[in-house]
Amino acid sequence: MDDTIRYAGVQDIPQLKELWHLCFGDEQPYIDFYYQQGFALNQTLVLQAGQTLACMLTLMPCQIKAGAQTFLLQYVYAVATHPSMRGKGFSTRLLEFAQKEATAAGVDYLFLTPASQSLFGYYGKRGYQTFFDKRVGKLSASDVVQSQTLLPKPLPPAQFYKVRTRFLQTLGPYLDWGEAGTLYRAKELLQTGAQILTFSDFSLQGLCACYNIEKTAYIKELLCAPGYEGACVKAVLAHLGCQEAVVFTHVGSTWRPGDFETKPYAMLCAAAKQTLPDMQVYMNLCLD
């Protein structure tokens, strides 16, 4: 059976949607949303075996901004192999092809977020190295010291990039999805039931992406002025009517370092550049 690697075309969308459902189990409204809002034919690679789309992955552009330095990246997203085609090395071939394409195009690095801890080893054998970490901690309402009272309000997706960048620029090197990419991620958060909130007293003091499952709030990203972390968490708990919060923060954050666990989050693979950057980079809000 002959197989070929190529970029996706309009004719592939039905099979891509089917493959997505088989591999990730998402409901049709979300799959339709992705292929209407986030899908780009010239960014999606497929491996076709005979008449079957056996494997796919999408490459999303972004950058690491580090002062005057900029590194070009592609985010490797939605790597999936048809259940009947697994064990044939198709995803490895597609990853290798993506790396060659990125190198030829002058992209500095590829990166991805493994869906489970076991996949760090899988991607490690394919040239990826753990580079981004995150801190994760669980807090009850009584754990959070609140010295300020903040007012939360929804942030429209169109304003997300500007407000988020304002906070990111204070953190040192950071991953930037660009305005279009950040707008998509804002819409994706809302599509999946999350909320994007800003917090203010007399001025804007914080931003977060959050959602809740029953009485637990999940704060996927928290960016705020120094000293306002507790007030932001307290405001989220009150806003969502929750008693505890699971908070994800930058590994370089000094807020509650003793209570939060550092975990590997994402991996980087060299493309046009052969060595990884020697810096600590803020990275969050991935489609993980």
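The overall form of the protein chain is described below, followed by the surroundings of several residues.

The structure is a predicted model, in which local features need pLDDT of at least 70 and side-chain atom pairs count only at pLDDT 80 or more, while totals for chains, interfaces and linings use all residues. Residues are numbered from 1 along each chain as its sequence is written, and side-chain values use heavy atoms, with hydrogens and water left out.

The protein chain contains seven helices and 13 strands; these are DSSP runs numbered from the N terminus, with helices (H or I) of at least four residues and strands (E) of at least two. Along the principal axes, the C-alpha atoms of the protein chain fill a box of roughly 65 × 40 × 35 Å.

Buried residues account for 50% of the 288 residues in the protein chain, where buried means under 20% relative accessible area, exposed over 50%, and partly exposed in between (1.4 Å probe, protein chains only). Of the contacts (heavy atoms within 4.5 Å) with a separation of 6 or more, 73% join residues 24 or more positions apart. The protein chain carries 24 positive and 24 negative side chains, and the centres of the two sets lie 2 Å apart. Lys and Arg count as positive and Asp and Glu as negative, without His and the chain ends; each charge is placed at NZ of Lys, CZ of Arg, CG of Asp or CD of Glu.

Lys65 lies in strand S3 (residues 52-66) and is partly exposed, with a relative accessible area of 26%. Beyond residues up to four places away in sequence, Lys65 touches Tyr161, Gly172, Pro173, Tyr174 and Asp176. With Asp176, the side chain of Lys65 forms a polar contact of 3.0 Å. A polar contact is a pair of N or O atoms within 3.5 Å; within protein, one must be able to donate a hydrogen and the other to accept it, and residues adjacent in sequence count only if both atoms are side-chain atoms. The C-alpha atoms of Lys65 and Gln169 are 9.0 Å apart, although the two residues are separated by 104 residues along the chain.

Thr198 belongs to strand S9 (residues 195-200) and counts as buried because its relative accessibility is 5%. Its contacts outside four places in sequence include Leu151, Pro152, Val163 and Leu207. Thr216 is located in strand S11 (residues 216-224) and is also buried, at 12% relative accessibility. Residues touching Thr216, again leaving out those up to four places away, are Tyr211, Cys242, Glu244 and Val246. The side chains of Thr216 and Glu244 make a polar contact of 2.8 Å.

Most residues other than glycine have a negative phi. Ala78, which is not a glycine, has a positive phi of about 55°. Ala78 occurs in strand S4 (residues 69-81) and is buried, with a relative accessible area of 10%. Glu214 likewise has a positive phi of about 55° without being a glycine. Glu214 sits in the loop between strand S10 (204-213) and S11, and is exposed, with a relative accessible area of 71%.
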